[in-house]
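This briefing describes selected features of one protein structure. Please consult the sequence and the model while reading the points below.

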Amino acid sequence: MSNILKGGEFLIKQIPANEIFSVEELNEEQKMLRDSAKEFIDREVVPQRERFEKKDYAFTEETMRKLGDMGLLGIAVPEEYGGLGMGFVTTMLACDYISGTTGSLATAYGAHTGIGTLPIVLYGTEEQKKKYLPDLATGAKFGAYCLTEPDAGSDANSGKTRAKLSEDGKHYIINGQKMWISNAGFADTFTLFAKIDDDKNITGFVINRSELENPESLTFGEEEHKLGIRASSTRQVFFNDMKIPVENLLGERNNGFKIALNALNVGRIKLAAACLDAQRRILNHSIQYSNERKQFGVSISTFGAIRKKLAEMATGVFVSEAGSYRAAKNVQDKIDELVASGLSHQEAELKGVEEFAVECSILKVFVSDLAQHTADEGIQVYGGMGFSEDTPMEAAWRDSRISRIYEGTNEINRLLAVGMLIKRAMKGELDLLSPAMAISKELMGIPSFEVPDYSEFMSEEKAIIANLKKVFLMVSGAALQKFMMDIEKQQHLLLNASEILNQIYMAESAVLRAEKHFSPESVEAAMAQLNLYKAVEKIITAAKEGIVSFAEGDEQRMMLSGLRRFTKYTNHPNVVALTEKVAAHYIEKGAY
């Protein structure tokens, strides 16, 4: 595909619908993989839901081994190291359909295939990849990733774990502790981070527990008792003079922070994928229950208040899918382009994911927020029964809560997305300044009073999205001019900018998906329109709050006037009618 987008470039370009990818375009191989993953989960996991809630860690491990036997742990591992070597979209698809029923398995799978394996794929030497990856790809061994410490969470580089070279120069001696380590109870391959001597930055290492000279040098705390993901093994890990051969250093010395960040970028977009089937399943349970539950002699699915909830939940699924698979294909295309230009697959994957780090953060925040909201609404549809452990909603709600915390909290990711955009603009990698200045001129000019021709499908929606991009550039451009390098300290303002950014990306993804694959009368078009309307309202609130916080007098009046101009509909959508259309469709169909 020529004309490959840069990360963050969606903000300053009009993206044609034919340039985005969505699940309607999966090939036959991908559909087969999706169906076999779904069939496995329905057969092996759904009937055993209770075992996960009763902290049956052994069952989580047993289920992971079965996934290994099916090849589903090695999708992203290159074929020469025992994996399937499939593309980025396919790895997203597997993560999507394996993760939907229980957060315990979702976490074990995500921690193993993502942060437990990818640092070795992306940064390992040839010897390290040959040694560790075949066992990780098949599930002969499981992986864990040791980054977080009691005093080093989001500030990962401040960890106190230390590595010192042994006197004979053959080993690093590691001392310290890590916490919240997923899979720690049954993992054998540990990727860990420590500072060598008084280095400024952390360094990565990899070791098999089974190979340690002194098994007692790696010890573990008890299983953590958690709000959700109850059968996901989560323990503290302690290094007590643990000897690691010098050849087990991962990547380069002092480069561990970069390894951690790039592993988390992949983790963020995969976390969005991991929330998708959870949303679908919660929605399907809610539709089914509301059709069966009778009150006042009729199904509760006939009540407008319930129908509104179901319509909004379905819309959330449609939008989440649209953004997630759009970004996954952008990453895939970038990787393919870089490989074609002569880079190794290892370098290409690194740079491909890094290129779309902004989109990865957007997706992590938007989809995990929505997954929890969907679970909350699922409980509400069930009423009192939703609060009972006898229904799937209670566990779904608890499991969904962690998604807003791990892979970087949503607050950190919101700040990161805007911060990365600003850095790219400062480095000249993304020209945000020219369009921002053009908008300033536009605000000084006289607005056109001509009524545009919006007869073409989705033309008004796309015009509104183009205007919403102007809102982001107007607010962030003015804020940057005012605060310059101190902008990073203005977290309230950055959070407002991030809300605008997230809503634009996801609304555009849904509109372009609907335009590319569906008709004007379709329920998918209704969902795209419904979501855009809600996005506009959220953007107005965030932008107004931001503008008033730093602009005064004429500047404030002009920007608020611009905000009104850029968020104006010519033809207001009938939100109630759109909501009813979506609800009626899925209630009759009985599932998403």
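Two residues are in contact when they have heavy atoms within 4.5 Å. The model is predicted, so local features need pLDDT of at least 70 and side-chain atom pairs count only at pLDDT 80 or more, while totals for chains, interfaces and linings use all residues. Residues are numbered from 1 along each chain as its sequence is written, and side-chain values use heavy atoms, with hydrogens and water left out.

**Asn410**
- Asn410 belongs to helix H13, residues 410-426 (helices are DSSP runs of H or I, at least four residues, numbered from the N terminus).
- Asn410 is buried, with a relative accessible area of 2% (buried means under 20%, with a 1.4 Å probe and protein chains only).
- Beyond its neighbours within four places in sequence, Asn410 is in contact with Lys364, Val365, Ser368, Asp369, Ser403 and Arg404.

**Nonpolar cores**
- A nonpolar core is a set of buried Ala, Val, Leu, Ile, Met, Phe, Trp, Tyr and Cys residues joined through side-chain atoms within 4.5 Å.
- The largest core has 152 residues, and those touching the most other members are Leu67, Ile98, Tyr109, Phe472, Met474, Leu501 and Phe550.
- Helix H17 (residues 523-550) supplies the largest share of this core, 15 residues.
- Another core, of 22 residues, lies apart from it and includes Ala144 and Met242.
- Not counting residues up to four places away in sequence, Phe472 touches Leu11, Leu421, Gly477, Ala497, Ile500, Leu501 and Ile504.

Notes:
Helices (H or I, at least four residues) and strands (E, at least two) are DSSP runs, numbered from the N terminus. Buried means under 20% relative accessible area, exposed over 50%, partly exposed in between (1.4 Å probe, protein chains only).
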